Amino acid sequence: MSNIKQVRRDLRQWGNFWASKQEVQGYSNKSNVQKIKECCDLGGTNFSSDLHLHSHGSSGIYTPEHIESLTKRINQLNDYERLALIGKYIKKLHLINLVSWAGFPNKSSAELWLLKAEQALL
């Protein structure tokens with residue numbers, strides 16, 4: 001990726017893609033308890049399972065190559081950077097809500113982790 005504007009544009013596209021996959025469409029094939037268990041099994045900070053990393057996983061989700069590539073790079077970031085990106089680009093949280101959702105101590109901490117994550121993707 002060439003510059004921070006391009007990184008943010010790619011992250012918005014990535015976030016919109018994964019946010020659309022999280023929307024409820026009819027009846028869920030997994031219970032809420034099962035979803036929470038999977039989240040805990042993944043360490044509570046990963047937003048995707050291995051199924052999302054494949055273009056045609058058994059979940060039936062088609063993941064475009066550029067989204068899959070960015071997802072793999074984001075999964076290599078540390079927990080705080082990943083949380084900041086998920087909160088901003090997938091959950092579309094405002095900074096104050098991101099602080100409480102991700103458990104950052106304050107707004108400047110959330111801003112710092114978000115900037116570090118974006119810069120790591122340059």
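At what angle do H1 and H6 pack, and how far apart are their axes? I looked this up before anything else. H1 and H6 pack at about 100 degrees, and their axes are 9 Å apart. An axis here is a line fitted to C-alpha atoms, for helices over the stretch in contact, and angles run from 0 to 180 degrees between N-to-C directions.

**Ground rules.** I am working on a predicted model, where local features need pLDDT of at least 70, side-chain atom pairs count only at pLDDT 80 or more, and totals for chains, interfaces and linings use all residues. Residues are numbered from 1 along each chain as its sequence is written, and side-chain values use heavy atoms, with hydrogens and water left out.

**Entry 1: the chain overall.** I listed the secondary structure. The protein chain has six helices and zero strands. Helices (H or I, at least four residues) and strands (E, at least two) are DSSP runs, numbered from the N terminus. Read from that end, the order is α-α-α-α-α-α. I then checked burial. Of the 122 residues in the protein chain, 35% are buried. Buried means under 20% relative accessible area, exposed over 50%, and partly exposed in between (1.4 Å probe, protein chains only). The accessible surface comes to about 7700 Å², and 52% of that belongs to carbon and sulfur atoms. Areas come from the Shrake-Rupley method with a 1.4 Å probe; for residues, only the protein chains shown count as cover. I also looked at contacts (heavy atoms within 4.5 Å). Among those with a separation of 6 or more, 63% join residues 24 or more positions apart.

**Entry 2: H1 against H6.** Back to the opening pair. H1 and H6 are roughly perpendicular to each other, because the class covers 65 to 115 degrees; under 35 counts as roughly parallel, over 145 as roughly antiparallel, and the rest as oblique. I listed the residues that meet. H1 brings Ile4, Val7, Arg8 and Leu11, and H6 brings Leu115, Glu118 and Gln119.

I stopped at Glu118, which sits in H6. Is Glu118 buried or exposed? Glu118 has a relative accessible area of 2%, so it counts as buried. Its side chain makes a polar contact of 2.9 Å with the side chain of Arg8. A polar contact is a pair of N or O atoms within 3.5 Å; within protein, one must be able to donate a hydrogen and the other to accept it, and residues adjacent in sequence count only if both atoms are side-chain atoms. Leaving out residues up to four places away in sequence, Glu118 touches Ile4, Val7, Arg8, Leu11, Leu85 and Tyr89.

**Entry 3: Thr71.** I moved to H3, where Thr71 is placed. Thr71 is buried, at a relative accessible area of 0%. Its side chain makes a polar contact of 3.1 Å with the side chain of Trp18. Thr71 and Leu11 are 60 residues apart along the chain, yet their C-alpha atoms are separated by 9.7 Å.

**Entry 4: H4.** I checked the length of H4 (residues 79-90). Its twelve residues should span 16 Å at 1.5 Å a residue, and the end C-alpha atoms are 15 Å apart, which agrees. The expected span is 1.5 Å times one less than the number of residues.

What covers the buried residues of H4? The cover includes H1 (4-22), H3 (65-75), H5 (95-102) and H6 (107-120). Nine of the twelve H4 residues are buried, so I read H4 as mostly covered. Leu85 and Tyr89 are among the buried ones. I then looked at both ends. Asn78 caps the N-terminal end, with a side-chain oxygen 2.9 Å from the backbone nitrogen of Tyr80. H4 is followed by Lys92, whose phi is positive, near 55 degrees.

**Entry 5: the loop and H5.** Leu93 lies in the loop between H4 and H5. Leu93 is partly exposed, at 23%. Beyond four places in sequence, Leu93 touches Gly87, Lys88, Leu98 and Trp101.

Leu95 is in H5. Leu95 is also partly exposed, with 23% relative accessibility. Leu95 and Ala84 are eleven residues apart in sequence and 9.4 Å apart in space, C-alpha to C-alpha.

Last, I took H5 against H6. Their axes come within 9 Å and cross at roughly 90 degrees. That makes H5 roughly perpendicular to H6. Leu95, Ile96, Leu98 and Val99 in H5 meet Lys107, Ala110 and Glu111 in H6.
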